[in-house]
Amino acid sequence: MLIRPLRRLLTRSTAVSRFHTFPPCLSSRRILQNFKLADIGEGITECEVIKWNVKELGTIQSFEPLCEVQSDKASVEITSPFDGVVKEILVKEGEVAKVGQGLCVIEVDEELLDSDSAEQIEPASSDAPIISNSKPVEDAASRSEHIPEEPSAPRRLHPMDPNYLHPSTPNVNPENVLAKPSVRHYARQSKVDLALLSGSGRDGRIEKKDIDAFLSQQASSVSVHSGSAAPRAQAEQDVIVELGRTRYGMWKAMTHSLEIPHFGYSTSLDLTSLHALLPTLDSHIPEHFNPSKSLLLPINPSALHPAPSHPPVPESAQFTRLTYLPILLKTLAKAMMAWPVLRSSITPGSTNGGGKPTLTIRPHADIAVALSTTTGLYTPVIPHADTHSIYSLSSQLKHLSFLGRQVPCALTTNEMPKRGATVTISNVGAIGDGEYAHPVLVPGGGVAIVAIGRARWVWDVSKSDRGERRLKVGVSWSADHRVLEGAELAAFVESWRAYVEAPERLIGEGI
């Protein structure tokens, strides 16, 4: 009974309905634009789409995160250059996009288009319709506003992380497992719990073949109990594993490393004085790096005037004890400041020098740290290491290690800039029991690399006939012989040794 009067009220022409109508000449025009993957530098030609932060028919604002892509070196978050509505997603999650390829189609106002973003956008088609800002567009936008956005899945922890739960644990949420929707649907049909599987795809992603292998393993287990030897024969077959993007990038970098003539130099450093100094440094870690040691003073130091506050330190960068590595980094940076050639980077074929290669001397010591992860080897950079304190360097190392353990790797171009570092340090002694190594220098990795071995107590008779017990660590250098002479590298290592074996110099020079 109420439908007819209500319909009459809705169709009746009133002043309110005429207030919301616009002449066609005043309506803003909306066009479809193809948003392309821009060149992010470092010679990267393709990227894998890790996650979309917006759904189809969803609205997006300028500078809001649009999607996250991962290259051979890092993951990058791409933001939207303008306001609009995402009409279509062209590259799904897990797919690879080439540089210049369209990622999505966005409907924008023609008046809001900026000429600076012309390299990233282009019309969706030559005959793309120009849509007036009329009711159908408003309806589509209103429908997109009511589409619930699913919360983004948290990053998976590295297997070495203390908070990591093994996939076989029944408490693991299957929704946190990396898998495509079609694979999840296939797992539900096959009644397989994805949390029980280990993915063979890129970044541990579970593929359909992993489910088939799990089902066949369950079926073969029945035959094992009946005396069948088929599973043993299957286990003895060869397995072909595809290289991931990071490991393939490492393969290409190591191939190019053959172009560099290496010069090796190995020696040992005496850490006995540092070992005696370490407990004192541990007991005086600043509160913003170790909040658990915060002390309440009986007198407020800010009673007269507020004391300078330190910037907040994320939990991933906090630590409770020091190691030898940040002290070795600090002393290495001090030695690099006295040797400009160790702060130089090579520019091959520069036209400024008549076509000859040139060296760029940097004002500070930029040191890269080799970081081994489940997806491959990364070299994040600590810029201006000479300006950091020992505690700040330890905090930087802790945070970089945390980002590298995330799956997928959370290191971005902020931690791995295109210019890189001039010296790389690899702490192989933290993993193995070896004393010396032969590190490899890759193009763009600076002019030298050093590998730190395992520190051990030895009986040293070099300074006295009776000898004494000393803590020593082996260091192995590889340098670009096109830039560094052997005598220069040996003299530089002796300059570094002077700081390591006499850490009191840091106090005299104001650290």
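Student: In which handedness of crossing does H9 pass H10?
Tutor: This is a predicted model. Helix H9 covers residues 324-338 and helix H10 covers residues 390-405. Where H9 passes H10, the crossing is right-handed.

Student: Are H9 and H10 parallel, perpendicular or oblique to each other?
Tutor: The two helices pack with their axes 9 Å apart, at an angle of about 120°. Angles from 65 to 115 degrees count as roughly perpendicular and those over 145 as roughly antiparallel. H9 and H10 are therefore oblique.

Student: Which residues in H10 are met by residues in H9, and how many residues of the contact are nonpolar?
Tutor: From H9 come Leu-325, Pro-326, Ile-327, Leu-329 and Lys-330. They meet Ile-390, Leu-393, Ser-394 and Leu-397 in H10. The residues of this contact include 1 polar and 1 charged, and the nonpolar ones number 7.

Student: How many salt bridges does the structure hold?
Tutor: A salt bridge here needs a side-chain nitrogen of Lys or Arg within 4 Å of a carboxyl oxygen of Asp or Glu. The pair Lys-87 and Glu-107 is one of them, with its closest N and O atoms 3.9 Å apart. The count for the structure is 15.

Student: How many residues apart in sequence are the parts that Lys-87 and Glu-107 tie together?
Tutor: Lys-87 lies in strand E6 (residues 84-89), and Glu-107 lies in strand E8 (residues 102-109). Lys-87 is partly exposed at 25% relative accessible area, whereas Glu-107 is buried at 2%. The parts tied together by the pair are apart in sequence by 20 residues.

Student: Is Asp-366 buried or exposed?
Tutor: Asp-366 forms a salt bridge with Arg-362, and their closest N and O atoms are 3.0 Å apart. Arg-362 has a relative accessible area of 4% and is buried. The value for Asp-366 is 4%, and under 20% means buried. Asp-366 is therefore buried.

Student: By about how much of the helix are Arg-497 and Glu-494 separated?
Tutor: The side chains of Arg-497 and Glu-494 meet in a salt bridge of 3.1 Å, N to O. Arg-497 is buried at 16% relative accessibility, while Glu-494 is partly exposed at 36%. Both lie in helix H11 (residues 486-500), 3 residues apart, so the separation is about one helical turn.

How values were computed
Residues are numbered from 1 along each chain as its sequence is written. This is a predicted model: local features need pLDDT of at least 70, side-chain atom pairs count only at pLDDT 80 or more; totals for chains, interfaces and linings use all residues. Side-chain values use heavy atoms; hydrogens and water are left out. Axes are lines fitted to C-alpha atoms, for helices over the stretch in contact, and angles run from 0 to 180 degrees between N-to-C directions. Helices (H or I, at least four residues) and strands (E, at least two) are DSSP runs, numbered from the N terminus. Angles under 35 degrees count as roughly parallel, over 145 as roughly antiparallel, 65 to 115 as roughly perpendicular and the rest as oblique. A crossing is left-handed if the near helix is turned anticlockwise from the far one by less than a right angle, and right-handed if clockwise. Contact means heavy atoms within 4.5 Å. Ala, Val, Leu, Ile, Met, Phe, Trp, Tyr, Cys and Pro count as nonpolar, Asp, Glu, Lys and Arg as charged, and the others, Gly among them, as polar. Buried means under 20% relative accessible area, exposed over 50%, partly exposed in between (1.4 Å probe, protein chains only).
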